[in-house]
Each structure stands twice: as C-alpha cells, then as structure tokens.
Amino acid sequence: MILLSIIILLIFPMSPGLDNGNPLKSFSEKAAASQMSFSYDYVTNGTVPLKGEGKVVVQDASFILLGDGLDVRCDGKSVWTMDSVAKEAVVDAVGSDCSDYVEYPALLLASLEENFKEIDNEEVFVDGKPMTMIELKPVASSKLKRLKLFFRGNIPVAANITVKDGTVTHFNIKDLKFGKKTSGDGFFFDPATLDSSWIITDLR
C-alpha cells in the first residue's frame with residue numbers, strides 16, 4: 001500500500017502558508033480545482049528491488065489506480081483493490097484504522113498541511129536540466145522519512161521517497177493532465193460487476 005500512498009501524495013493540496021512563488025503551492029491549487037490524470041513508473045532500491053508502472057486519475061478524495069496487475073478504486077469512502085488474475089478483491093473503509101496515514105493515502109487529501117512541513121527548496125540540475133527540488137518531512141511519526149518532489153516550472157516530474165528502513169523509491173511522473181471535475185460517479189465501484197468466481201474480502 002505504501003506505493004499507492006506515494007503516488008497519491010503527489011497530488012494533495014499543500015499548506016496555504018507557502019509563498020506565491022512556490023511551485024508546490026501553484027500546482028496544489030490547480031490540482032484541487034481539477035480532475036487530474038498521469039502515468040508513472042518507479043524503481044525501488046530495497047532488499048528486494050521492485051519496479052513497475054501504472055496510470056492514475058484523481059479528483060478530491062477519489063481516485064482510480066491501474067498498475068502492476070491491480071485495479072484500485074476509491075470513492076472517498078471505500079477502497080476496492082482488485083486482482084483480475086487471482087480473481088480476488090479486498091474492500092476497506094477509508095479511515096477505518098488510520099493509526100498510520102501512510103496506509104490510507106486518501107485521508108491525506110484534507111490534511112497534508114497538518115502532517116508535512118517543507119524543509120528544503122532549491123534549484124537542482126537533473127540530466128543537465130534545471131528543476132526545483134522541494135523536500136517535505138512528516139510532522140508526526142510515519143513510515144515515510146522524507147519526500148523530495150522535483151518540479152519543472154509548476155509541474156512535478158519526479159519524486160524520491162525514503163522510508164524509515166532506508167528504502168528509496170524513485171518515481172517518474174508523465175503525461176500529467178488537468179481536466180474539469182465530474183460528478184464523481186465514475187469513481188464508485190459496483191461489486192455487482194464481479195461474477196461468482198471472485199473471492200471478495202470485506203474489511204469494512
């Protein structure tokens with residue numbers, strides 16, 4: 001679930017206390033007023049290296065994530081995680097146990113400014129191209145140790161995430177688009193669409 005958390009972190013509204021020249025503030029304001037979509041790929045340097053890719057659509061506290069063989073859908077109240085190969089689905093209530101918000105990324109939509117603070121903001125060069133690097137740190141105890149976002153202009157193009165065990169995950173963010181918000185019905189998952197061959201575990 002932590003990979004999902006990292007992806008969703010990239011679109012959450014940030015602290016209104018940031019100054020107007022901060023690309024994270026500009027991006028967050030636009031993200032909060034839009035339905036966003038983007039694709040991504042990632043690689044992690046953990047004990048067992050992982051890599052993958054996927055696509056995300058986000059609007060407010062709702063999202064759809066397709067990647068690594070999983071279909072994850074959240075309507076802001078429930079999260080469905082489906083594996084079409086294994087024919088297994090798990091549904092959980094958002095915030096049913098939020099002792100560590102890393103496990104429940106949708107909760108951060110309304111509270112990132114309370115849980116993270118900016119500790120660094122500087123211009124860096126990646127592959128010879130100038131970017132703004134913004135480093136964030138959790139205010140309270142979390143599995144996340146720090147998050148670095150890399151902006152080209154006001155658009156995030158990459159992220160480095162370090163967790164407390166030292167594992168670092170690098171994300172590339174591609175094809176980021178902003179669209180008009182919809183009614184939100186498209187984020188609701190109807191379990192009736194799953195036939196009797198599926199095993200459904202309801203943790204709500």
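This is a predicted model: local features need pLDDT of at least 70, side-chain atom pairs count only at pLDDT 80 or more; totals for chains, interfaces and linings use all residues.
Me: Are Phe27 and Phe151 buried or exposed?
Reply: Buried means under 20% relative accessible area, exposed over 50%, and partly exposed in between (1.4 Å probe, protein chains only). On this scale, Phe27 and Phe151 are both buried.

Me: Which type of pair do Trp80 and Phe189 form?
Reply: Trp80 and Phe189 are buried. Their ring centres lie 4.9 Å apart with the planes at 50°, so the pair is tilted.

Me: How many residues apart in sequence are the parts tied together by Trp80 and Phe189?
Reply: Trp80 sits in strand 5 (residues 78-83). Phe189 sits in the loop between strand 11 (168-179) and strand 12 (199-202), so the separation of these parts is 109 residues.

Me: Which residues do ring pairs link into a cluster?
Reply: Phe151 also takes part in strand pairing, where Thr132 stands opposite it. Through ring pairs, the cluster comprises Phe27, Phe151 and Phe178.

Me: Which members of the largest nonpolar core touch the most other members?
Reply: A nonpolar core is a set of buried Ala, Val, Leu, Ile, Met, Phe, Trp, Tyr and Cys residues joined through side-chain atoms within 4.5 Å. The largest such core has 26 residues. Those touching the most other members are Tyr40, Leu136 and Leu149.

Me: How many residues make up the second, separate core?
Reply: Its members include Trp80, Met82, Ala89 and Phe189. The number of residues in this second core is 7.

Me: Which residue in the turn between strand 7 and strand 8 has a positive phi?
Reply: Two strands pair if DSSP finds at least two bridges between them. Strand 7 (116-126) and strand 8 (129-138) run antiparallel and are joined by 10 bridges. They form a hairpin with 2 residues between them, and the turn residue with a positive phi of about 55° is Asp127.

Me: Is Asp127 buried or exposed?
Reply: Most residues other than glycine have a negative phi. The loop residue Asp127 has 74% relative accessibility and therefore counts as exposed.

Me: What is the relative accessibility of Asp175?
Reply: Asp175 is found in strand 11, and its phi is likewise positive, near 55°. This residue counts as exposed because its relative accessibility is 59%.

Me: Which residues are in contact with Thr162, leaving aside its neighbours within four places in sequence?
Reply: Thr162 is part of strand 10 (residues 155-163) and is buried, with a relative accessible area of 9%. Contact means heavy atoms within 4.5 Å. The contacts of Thr162 are Leu144, Lys145, Arg146, Thr167 and Val168.

Me: How far apart in space are Val57 and Leu176, C-alpha to C-alpha?
Reply: Val57, in strand 2 (residues 50-59), is partly exposed at a relative accessible area of 25%. Val57 and Leu176 are 119 residues apart in sequence, and their C-alpha separation in space is 9.9 Å.

Me: Over which residues does pLDDT stay under 50?
Reply: The protein averages a pLDDT of 80, and 78% of the residues score at least 70. Among its elements, strand 12 has the highest mean (96) and helix 1 (residues 2-9) the lowest (57). The stretch where pLDDT stays under 50 is residues 96-111.

Me: What percentage of the residues in the protein are buried?
Reply: The protein contains 3 helices and 12 strands. Of its 204 residues, the buried share is 43%.

Terms used. Residues are numbered from 1 along each chain as its sequence is written. Side-chain values use heavy atoms; hydrogens and water are left out. Rings of Phe, Tyr and Trp (its six-membered ring) pair if their centres lie within 6.5 Å; planes under 30 degrees apart count as stacked, over 60 as edge-to-face and the rest as tilted. Helices (H or I, at least four residues) and strands (E, at least two) are DSSP runs, numbered from the N terminus. pLDDT is the predictor's confidence in each residue, from 0 to 100.
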